[in-house]
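This report goes through a single protein model for a reader who has not seen it before. The sequence and the structure come first, and the description follows.

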Amino acid sequence: NEGEEDEIWWKSNHEDTAITELGRVLNVIPLAPKYARMLLVGRAAKCLGHVMLLVVGLSVDDVFLRGDVAAMLANDDDEKEREPEDDDPSSLKSLIEREKRAEESREQRQQHFRGWVGAHKTKYKSLLTGNSDLFVLINVLGLFFQNIGRFSTEEKTSLEQRILNYCTQNDLSFNQMKEVYYSLEQLVSILRALLSNENEMLELKTFFEDYRAPDEIAREKMIEVIVAASPDKVARKVGFLNPEGKMRHAYEVIETSERVYIHPTSFFKTTWPDFLCYTDIIQTPMKHFLRNVTPIGRLALLHKYDTSASKKLEYLKSPEPIYSEARDEILAFCSASFGPKKWTLPIFEHPFEERSIDAYLWFARRLLEGTVVKQFSVFLHRYRLIVQTLQQHLIAQPRIIKHGNLDLKVQRIINKLKNQDVASKAKLFKVWRSTPSFLHDEIKMWIKPESAQTFEQIWPTLVPRKPSHV
């Protein structure tokens, strides 16, 4: 099943045993395990092209011609090496003059760097198509391959001249972009040997020839790919008092005890997300900086991909679970800790475990309350109004659906949903199309006897019609 994320099985050409795709890829592709994992999760999420761009982009040094961060915060020793010798270098006047010149030099470099950062962000802001600095990298590489042409048959000298011209025009590093080009060429060759699906390879070819930035669905999937591959590269915002007693913020990470800060080149430098992923830490004499920042809005992803031994999730009784129209599932409110340092996560929404009785219980309740289906078509709008009308004829309020209630009508509707594994609107409609009487008797048990006739009149308009066959 190509849609499965964790265990996608391959048959070896040399033996009749199944191995995990992760193991297969790691044995063939010369990539770090985190990048191979990105490819697997990206393929399962149907965004392999964008993930391939991300992987080859992260496998090289910075592709942008950036200002010198080390120079921005250069230490005084470098300055001293450039100082002219004084007759009396230990004199107070000489010390003051040297410090003054060093400070002026630092300020000049900082101004230069700040100017470069502003120009960089202005130039690439339009490519920030999602909630991560990495979307800029992905889009830069996508446009690069679209303009250069993927794996041209022209001579190497001519091809590299075109790459050089493109890099010169777009402030990109020629050496890094050349390496990116050949890395993707190698990666595609390996995937062509691994993947037997010709349509998938054709889609990849079209993807690189006619590049499109990730849409909203792909962006959400890409965020999950990034978190899934980097549970050890997570940072959380912390507060502290500076020497003047003023509250300041920084970030705490797993790999060091030092306070770290978002790099000035990040588009999220001033947003201060509570939790984020990053690709690496740039160390300078004065501060440590997080590069390639991805704010984490869905805290459930942190729990999902937490690899620490202390991983634990607690479902809260309050607030009550909700039905999410966007995700078409029941979401509970949960608490959890994350990582080896056991950071406490704020309360977040998380689906119930697969086939959990709680999912069916709360779906039944929200269904009878009329909150499962909302206005995104004429029929569904009518359905919502019908359900609201139906509530006027209920013999009891849906809030009685809860654990421990042995009322027959409560048990019947929960068991019916559980037997058909229906805890979403999509599954409900699918069952209704094949079995229009599904839940008829169970819902009728909730209807007042004097309203039975009204219910029978409403039911045919409540259930979607079977698709017609021509």
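A residue counts as buried when its relative accessible area is under 20% and as exposed when that area is over 50%. The model described here is predicted.

**A buried loop residue**

S230 has a relative accessible area of 4%, so this residue is buried. S230 belongs to the loop that runs between helix 11 (216–229) and strand 3 (234–241). Leaving out residues up to four places away in sequence, S230 touches K34 and C277.

**The nonpolar core**

The largest nonpolar core holds 114 residues, and M52 and L290 have the most contacts inside it. Helix 7 (residues 134–148) supplies the largest share of this core, with ten residues. Apart from neighbours within four places in sequence, L290 is in contact with A235, Y251, V253, V260, Y261, I262, H263, L276, Y278, D280 and I281.

**Helix 3 against helix 7**

Helix 7 also packs against helix 3 (residues 48–58); the angle is about 100° and the axes are 9 Å apart. An angle of 65 to 115 degrees counts as roughly perpendicular, and helix 3 and helix 7 are therefore roughly perpendicular to each other. On the helix 3 side the contact is made by H50, L53, L54, V56, G57 and L58, which meet L134, L137, I138, L141, G142 and F145 of helix 7. Nine residues of this contact are nonpolar, three are polar and none is charged.

**Aromatic pairs**

How many aromatic pairs does a search of the whole structure find? The search finds 14. Two pairs are set out below.

| Pair | Centre to centre | Angle between planes | Arrangement |
|---|---|---|---|
| F144 and Y181 | 6.5 Å | 85° | edge-to-face |
| F338 and W343 | 6.2 Å | 35° | tilted |

F144 has a relative accessible area of 0%, so F144 is buried. Y181 is at 1% relative accessibility and therefore counts as buried too.

In the other pair, the planes of F338 and W343 stand at 35°, so this pair is tilted. F338 counts as buried because its relative accessibility is 2%, and W343 is buried with a relative accessible area of 2%.

F144 and Y181 are also members of one aromatic cluster, together with F145, Y166, Y182, F207, F208 and Y211. Among these members, F145 also takes part in the contact between helix 3 and helix 7.

Key
Residues numbered from 1 in each chain as written. Predicted model: local features only at pLDDT ≥ 70, side-chain atom pairs only at ≥ 80, totals over all residues. Heavy atoms only, no water. Core = buried A, V, L, I, M, F, W, Y, C linked by side-chain atoms within 4.5 Å. Buried < 20%, exposed > 50% of the residue type's maximum accessible area, 1.4 Å probe, protein only. Helix = DSSP H or I, 4+ residues; strand = E, 2+ residues; numbered from the N terminus. Contact = heavy atoms within 4.5 Å. Axes fitted to C-alpha atoms, helices over the stretch in contact; angles between N-to-C directions. Parallel < 35°, antiparallel > 145°, perpendicular 65-115°, else oblique. Nonpolar A, V, L, I, M, F, W, Y, C, P; charged D, E, K, R; others polar. Phe/Tyr/Trp six-rings, centres within 6.5 Å; stacked < 30°, edge-to-face > 60°.
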